[in-house]
Amino acid sequence: MTASHKAIRSSGWKTDFLIGFPDGLFLLFFATQVVQTFPLEVQTFYNIQLCILAAGSLLVMYSAYQANKGDAQHDSALLSDDERRKLEHLDINDHTIAQIADEMQKDAVQWETTLQQEQVVETTFSRSRAVMSAVFTAIFFLLGGILSVGPYLSNENFPAASQTSMMLVFLGLTIFSFIKAKVTSQRPLPIVIRYWLMGAGVWCGAWLLHRIF
């Protein structure tokens with residue numbers, strides 16, 4: 001990997017927060033809502049949730065590092081000459097190859113537009129920045145997860161803890177939405193509605209699992 005390899009598309013802790021916090025909140029919200037109905041000992045429930053939280057944070061950390069690291073072999077989103085030759089060796093006709101190249105170009109334009117809308121910038125790869133971004137993403141993931149599972153850790157009355165958790169989750173989603181709106185220069189109401197609907201969808205998914213099992 002060369003020093004000029006552009007891989008990190010990040011605006012610092014803001015990007016890490018926008019990625020890590022909702023992932024942790026939604027994952028643990030779903031996990032607590034599903035697992036609490038099983039006939040488990042309290043400590044077993046805690047162990048399961050803490051394992052999910054730890055495993056999720058490690059996975060998010062690894063994913064964030066890999067995303068920041070990028071791939072020098074795929075810097076260009078367009079169809080390269082080498083890739084074109086490989087397609088030709090597969091006996092794919094020129095019309096189909098042209099369609100593939102056109103779709104890749106459209107995807108590249110859409111991706112760059114998304115980066116601009118989210119105010120994400122490209123910089124040269126730095127291992128220290130990639131590691132720092134991965135750590136902060138994991139921390140924000142843990143913060144979101146603790147917001148969901150925290151009430152259960154402080155109250156063994158799971159029905160009451162579930163209500164507290166749900167209140168904190170939607171409060172957290174509201175605050176997160178306003179922060180995201182500020183960071184991305186968007187109107188807050190559509191973002192609040194979108195994340196509330198996502199939270200309601202997670203709860204409905206857990207409820208459906210209860211009904212099925």
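Good morning, everyone. One thing before we start: the model is predicted. Please keep that in mind throughout.

Let's begin with the overall layout. The protein has 213 residues. It holds 7 helices and 2 strands. In what order do they come along the sequence? The pattern reads β-α-α-α-α-β-α-α-α. So much for the order.

How much of the protein is buried? The share is 35% of the residues. Next, the contacts. Take those between residues at least 6 apart in sequence. Of these, 77% join residues at least 24 apart.

Start with H1 and H2. Helix H1 covers residues 13–35. Its axis and that of H2 come within 10 Å. They cross at roughly 160°. Are the two helices roughly parallel or roughly antiparallel? Angles over 145 degrees count as roughly antiparallel, so H1 and H2 are roughly antiparallel to each other. H1 passes H2 in a right-handed crossing. Which residues make this contact? From H1 come Leu27, Leu28, Ala31, Thr32 and Val35. From H2 come Phe45, Ile48, Gln49, Ile52 and Leu53. By class, the contact of H1 with H2 has 8 nonpolar residues, 2 polar and no charged.

Helix H2 runs over residues 42–69, and helix H5 over residues 127–154. Their axes come within 8 Å. The crossing angle is roughly 155°. Again the cut-off is 145 degrees, and H2 and H5 are therefore roughly antiparallel. The crossing of H2 and H5 is right-handed. What classes of residue sit in this contact? There are 18 nonpolar, 7 polar and 1 charged.

The crossing of H1 and H5 is right-handed. The contact of H1 with H5 has 15 nonpolar, 9 polar and 2 charged residues.

Let's zoom in on helix H5. Two of its residues are worth a look.

Thr137 is in helix H5. Is Thr137 buried or exposed? Its relative accessibility is 2%, so Thr137 counts as buried. What does Thr137 touch, beyond its neighbours within four places in sequence? The list is Asp16, Ile19, Gly20, Val60 and Ala64. Now check the helix ranges. Residues 13–35 belong to H1, and residues 42–69 belong to H2.

Leave out residues up to four places away in sequence, and Phe140 touches Trp13, Asp16, Phe17, Gly20 and Phe21. How far is Phe140 from Leu18? They are 122 residues apart in sequence. In space, they are 8.6 Å apart, C-alpha to C-alpha.

Over to helix H2. Leu58 is found there. Leu58 has a relative accessible area of 56%. Exposed means over 50%, so Leu58 is exposed. Leu58 and Phe141 are 83 residues apart in sequence. Their C-alpha atoms are 9.6 Å apart in space.

Next, a loop. Helix H6 covers 158–184 and helix H7 covers 188–212. Ser185 is found in the loop between them. Ser185 is exposed, with a relative accessible area of 58%. Phi of Ser185 is near 60°, a positive value in a residue other than glycine.

Last topic: cysteines. How many disulfides does the structure hold? The count is 0. Two cysteines to look at are Cys51 and Cys204. Cys51 has 53% relative accessibility, so Cys51 counts as exposed. Cys204 has 37% relative accessibility and counts as partly exposed.

H1 and H2 are roughly antiparallel. H2 and H5 are roughly antiparallel. Thank you. I'm happy to take questions.

Terms used. Residues numbered from 1 in each chain as written. Predicted model: local features only at pLDDT ≥ 70, side-chain atom pairs only at ≥ 80, totals over all residues. Heavy atoms only, no water. Disulfide = S-S within 2.5 Å. Buried < 20%, exposed > 50% of the residue type's maximum accessible area, 1.4 Å probe, protein only. Axes fitted to C-alpha atoms, helices over the stretch in contact; angles between N-to-C directions. Helix = DSSP H or I, 4+ residues; strand = E, 2+ residues; numbered from the N terminus. Parallel < 35°, antiparallel > 145°, perpendicular 65-115°, else oblique. Left-handed = near helix turned anticlockwise from the far one by under 90°. Nonpolar A, V, L, I, M, F, W, Y, C, P; charged D, E, K, R; others polar. Contact = heavy atoms within 4.5 Å.
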